Each structure stands twice: as C-alpha cells, then as structure tokens.
Amino acid sequence: NMKEVNAFKGVYIQNRQGNTYQPKVKVLVSRDNKNWTEMGTYTLAQASETAAQRNVLREFSFSEVVEAQYVKFVFPDKNLGGENHVALAELGVFYDI
C-alpha cells in the first residue's frame, strides 16, 4: 500500500543472497485493493546463472505508465533451493521517462 495512487512505469526487485533466490515473480497492480491488473511475469534468477548474476537488481518496465496505489508480488514457484519461502533484499516501483 503506497498510501495514495502513484504513477509508475515498472518495478525493481533484488533477490536476497543464498539458496532463497526466486526464479519468477508475477506483478499485479490495483487502485482499490479489489480489482487487480496483471502486469506480467518476470524472470528473477535462473539455476544456470552465477551468484553474482542472481544478485543483480532487476528492473521490469511495463508497456505503459500505470496509476495504482497497491502492488502485489506473487512468487508462483519454489525458490532455487527447492523451498516455499521468499527472501528479498529490496523491491519497489519506479517512474522513468
């Protein structure tokens, strides 16, 4: 909950180091916390990547600027360690012209 409607162009996420790397994230946005729009499913980490590659901050741009108060991050898969938990270092939204 960002406390008010904001305009933004995408999201950024950084996986936490270790076996908690999340392979994918689905991002949804909402103005009212009831009606959600799916913005896409994005790759965060792959088993074939090195730890340094997995630790990079990832930015995911939407096809257009959205206005929303709520952002939902859904992690549909187990982490690369095979567990059902999520551990992130950082996440947020950005507006870039």
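Predicted model: local features only at pLDDT ≥ 70, side-chain atom pairs only at ≥ 80, totals over all residues.
Two strands count as paired when DSSP finds at least two bridges between them. Strand E1, residues 6-15, is joined to E6 by six bridges, and the two run antiparallel. Within this pair, Gly10 sits opposite Phe94 of E6. The whole sheet is open and has three strands, ordered E4-E1-E6 with antiparallel pairing. Strands E4 (58-68) and E6 (88-94) take the edges and have a single partner strand each, so one side of each is left without a neighbour in the sheet. On average, and ignoring direction, neighbouring strands here are turned by 20° against each other.

Next comes the nonpolar core. The largest one holds 14 residues, and those touching the most other members are Phe8, Val25, Val27, Met39, Tyr42, Leu44 and Phe62. Two or more residues come from each of E1, E2 (24-30), E3 (37-43) and E4, with E4 giving the largest share at four residues.

Back in strand E1, Ile13 deserves a look of its own. Ile13 counts as buried because its relative accessibility is 0%, and the cut-off for buried is under 20%. Setting aside residues up to four places away in sequence, Ile13 touches Val25, Leu44, Val56, Leu57, Arg58, Phe73, Leu88, Glu90 and Leu91. As for His85, 72 residues away from Ile13 along the chain, the C-alpha atoms of the two are separated by 16 Å.

Terms used: Residues numbered from 1 in each chain as written. Heavy atoms only, no water. Axes fitted to C-alpha atoms, helices over the stretch in contact; angles between N-to-C directions. Core = buried A, V, L, I, M, F, W, Y, C linked by side-chain atoms within 4.5 Å. Buried < 20%, exposed > 50% of the residue type's maximum accessible area, 1.4 Å probe, protein only. Contact = heavy atoms within 4.5 Å.
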